[in-house]
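Subject: Handing over a structure, with notes

Dear colleague,

I am passing on a structure that you have not worked with before, and I would like you to look through it before reading further. My notes come after it.

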Amino acid sequence: MAPLGWIAGLGLAGLAAGGCAYAAMWPGSRLFGDTLIAPRRPGQLALTFDDGPNLACTPQLLETLASHEVCATFFLLGSRAEAEPALVRRIAAAGHLIGNHSWSHPNLALSGRTRIREELQRTRDALQQITGNPVRYFRPPFGARRPATLTLARELGMVPVLWNAMTSDWSDPSGERIAERLISRIDRITRQGWAANIVLHDGGHLDPRANRGPSLTAAGLLLARFKPIHRFVTVDAWDQQEPSPARA
Ligand SMILES: [Zn+2]
């Protein structure tokens, strides 16, 4: 009995540790609290861009989006927004939705409550001051969170947003390959009856002028392919809507 119990105990401990990592990092997990991902609206796509604003890439991205007459969601870093307020205002003036991606991109699954609050509040206040608009959405850096991350975001008036379509666009030099992987993911999600919440990066949290040419190319390819057949929305269109996959 004892050895079996010991082995079972080990198994449970392993499961608990695995479950914890899943809850903290997996975008679809709701074990640490509810997040906004995507509703049952196949054919709706939200293009979301993280880690900007980036003077080297965001202006070009704005032109691409404008040429397709599509609005996207930008999860901005507070520190970068403070350095480039004119670019932030330009994003807002073009009709895009601006969300909070923390001040300095820490792992908020490993941060204390004080640090989490400071990262979220400082960014929210800076973005609101720059644009004059309330900030209602927050995406945790790396998708990493713990229950306090989500609770604090809500206490500060923001809805936590994850995603259901991402690839490693930050490390792939081929925009075509990035687009190809995202297209097959989006097609699958659509067939399964869900809207697609797509992540790309117009900035880099380690480099304020990161070259995101491949991500921009991929965005252009997604727009060209899906604009005629699907509907692009910003994530606020899905707030308070039907349940997402993990709740279904
Ligand atoms: Zn990020």
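The notes below begin with the chain as a whole and then move to particular places in it.

Please keep in mind throughout that this is a predicted model. The chain has 248 residues, of which 53% are buried, and its secondary structure consists of eight helices and seven strands.

The zinc site

A zinc ion has three residues as its protein donors, namely Asp-51 through OD, His-101 through NE2 and His-105 through NE2, and these lie 2.1 Å from the ion. Read along the chain, the donors follow the spacing D-x49-H-x3-H. Asp-51 belongs to strand β1, which covers residues 44–52, while His-101 is in the loop between β3 (97–100) and α5 (113–131), so that the pair links distant parts of the chain, 50 residues apart. Both Asp-51 and His-101 are buried.

The loop that holds His-101 also contains Ser-102. The phi of Ser-102 is near 80°, a positive value in a residue that is not glycine, and Ser-102 is buried, with a relative accessible area of 0%.

Strands β1, β2 and β3

Strand β1 runs parallel to β2, and four bridges join the two; one of these pairings is that of Phe-49 with Phe-74 in β2. Strand β2 in turn runs parallel to β3, again with four bridges between them, and here Thr-73 has Leu-97 in β3 as its bridge partner.

In a regular strand the side chains alternate between the two faces of the sheet. What covers the picture for β2, residues 73–76, is that both of its faces are covered, with Thr-73 and Phe-75 on one side, Phe-74 and Leu-76 on the other, and all four of them buried.

Helix α2 spans residues 58–67, and its buried residues are Thr-58, Pro-59, Leu-61, Leu-62, Thr-64 and Leu-65. These buried residues pack against β1 and β2, and also against the helices α4 (85–93) and α8 (213–226).

Most residues other than glycine have a negative phi, and most peptide bonds are trans. In the loop between β1 and α2 lies Pro-53, and the peptide bond that joins Gly-52 and Pro-53 is cis, with omega at about 0°. In the loop between α2 and β2 lies Glu-69, which has a positive phi of about 55° although it is not a glycine. Is Glu-69 buried or exposed? Glu-69 is exposed, with a relative accessible area of 71%, whereas Ser-102, with its own positive phi, is buried.

Pro-27 is in the loop between α1 (2–25) and β1. Its relative accessible area is 13%, and because a residue counts as buried when that value is under 20%, Pro-27 is buried. Which residues is Pro-27 in contact with, leaving aside its neighbours within four places in sequence? They are Thr-35, Ile-37, Arg-145, Leu-162 and Trp-163. The C-alpha atom of Pro-27 is also separated by 8.4 Å from that of Ala-144, although the two residues are 117 residues apart along the chain.

Aromatic rings and charges

A search of the whole structure finds one aromatic pair. There are also places where a charge sits over a ring: the charged end of Arg-122 sits over the ring of Trp-103, at 3.8 Å from its centre, and Arg-136 lies over the face of Tyr-137, at 5.8 Å from the ring centre.

Note on methods
Residues are numbered from 1 along each chain as its sequence is written. This is a predicted model: local features need pLDDT of at least 70, side-chain atom pairs count only at pLDDT 80 or more; totals for chains, interfaces and linings use all residues. Side-chain values use heavy atoms; hydrogens and water are left out. Buried means under 20% relative accessible area, exposed over 50%, partly exposed in between (1.4 Å probe, protein chains only). Donors are N, O and S atoms within 2.8 Å of the metal (3.2 Å for Na, K and Ca); water is not among the atoms, so sites may look incomplete. Rings of Phe, Tyr and Trp (its six-membered ring) pair if their centres lie within 6.5 Å; planes under 30 degrees apart count as stacked, over 60 as edge-to-face and the rest as tilted. A charge sits over a ring if NZ of Lys or CZ of Arg is within 6 Å of the ring centre and within 35 degrees of the ring normal. Two strands pair if DSSP finds at least two bridges between them. Contact means heavy atoms within 4.5 Å.
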